[in-house]
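Please read the following report alongside the sequence and the coordinates. It takes up a helix pair, some individual residues and an aromatic pair in turn.

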Amino acid sequence: RIPKFCWEKIRKLTNFQVVTGIPSEQLVDLYKKAAVFVMPSLSEGSPITTLEAMACGLPVAATQEGGGGYIEDGINGSIFPVRDPEGLAQKVNYLFDHPEIAQEFGQINRERVEQHFTLPVIAEQVLNVYSEITS
């Protein structure tokens with residue numbers, strides 16, 4: 001949820017959009033239209049939205065929690081401290097100002113998802129756990 005006082009500031013922005021209640025079949029199109037995915041979460045376990053953005057080849061700017069352990073600062077995205085809007089702005093602006101780095105981060109993210117988070121990879125990991133438990 002976005003606090004009420006934030007909405008007043010957001011409405012003044014011309015290059016920012018808050019989108020909620022999106023049907024799943026439209027999510028990929030929205031991710032593809034984005035230049036950067038931002039996940040300023042205070043707490044997450046394993047944020048599926050971060051993986052979805054990575055799968056769509058987006059660079060990610062996130063808190064450590066919002067990155068879910070999938071994002072390494074300066075390697076495949078940008079990490080900023082929790083409750084640090086200036087830090088968030090700095091990281092996002094850096095990605096906008098350096099499109100070649102943002103593109104590289106996006107490519108790395110897509111490759112990581114393909115290598116570690118596809119259904120066959122996850123299914124193999126689950127089968128390995130079951131095999132270890134039953135042997």
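Predicted model: local features only at pLDDT ≥ 70, side-chain atom pairs only at ≥ 80, totals over all residues.

**Helices α3 and α6**

The axes of helix α3, which spans residues 48-55, and helix α6, which spans residues 99-116, come within 7 Å and cross at roughly 110°. Because angles of 65 to 115 degrees count as roughly perpendicular, α3 is described as roughly perpendicular to α6. On the α3 side the contact is formed by Leu-51, Met-54 and Ala-55, which meet Gly-106, Asn-109, Arg-110, Arg-112 and Val-113 in α6. By residue class, the contact of α3 with α6 divides into four nonpolar, two polar and two charged residues.

**Asn-109**

Asn-109, which belongs to helix α6, has a relative accessible area of 0% and is therefore buried. Its side chain takes part in a polar contact of 2.6 Å with the side chain of Asn-76, and the side chain of Asn-109 also reaches the backbone oxygen of Leu-58 at 2.9 Å. When neighbours within four places in sequence are left aside, the residues in contact with Asn-109 are Met-54, Leu-58, Pro-59, Val-60, Ile-71 and Asn-76.

**Glu-65**

Glu-65 lies in helix α4, residues 64-67, and, with a relative accessible area of 29%, is partly exposed. Not counting residues up to four places away in sequence, Glu-65 touches Ser-41, Leu-42, Ser-43, Glu-44, Pro-47 and Val-82. Between Glu-65 and Val-121, which are 56 residues apart in sequence, the C-alpha to C-alpha separation in space is 24 Å.

**An aromatic pair**

How many aromatic pairs does a search of the whole structure find? The search finds two, and in one of them the ring centres of Tyr-70 and Phe-117 are 5.2 Å apart with the planes at 80°, so that the pair is edge-to-face. This pair links distant parts of the chain, since Tyr-70 sits in the loop between α4 and β3 (77-79) whereas Phe-117 sits in the loop between α6 and α7 (119-134), 47 residues apart. Tyr-70, at 12% relative accessibility, counts as buried, while Phe-117, with a relative accessible area of 32%, is partly exposed.

**Accessibility of the residues discussed**

The table collects the accessibility values given above.

| Residue | Relative accessible area | Class |
|---|---|---|
| Asn-109 | 0% | buried |
| Tyr-70 | 12% | buried |
| Glu-65 | 29% | partly exposed |
| Phe-117 | 32% | partly exposed |

Note on methods. Residues numbered from 1 in each chain as written. Heavy atoms only, no water. Axes fitted to C-alpha atoms, helices over the stretch in contact; angles between N-to-C directions. Helix = DSSP H or I, 4+ residues; strand = E, 2+ residues; numbered from the N terminus. Parallel < 35°, antiparallel > 145°, perpendicular 65-115°, else oblique. Contact = heavy atoms within 4.5 Å. Nonpolar A, V, L, I, M, F, W, Y, C, P; charged D, E, K, R; others polar. Buried < 20%, exposed > 50% of the residue type's maximum accessible area, 1.4 Å probe, protein only. Polar contact = N/O pair within 3.5 Å; in protein donor to acceptor, adjacent residues only side chain to side chain. Phe/Tyr/Trp six-rings, centres within 6.5 Å; stacked < 30°, edge-to-face > 60°.
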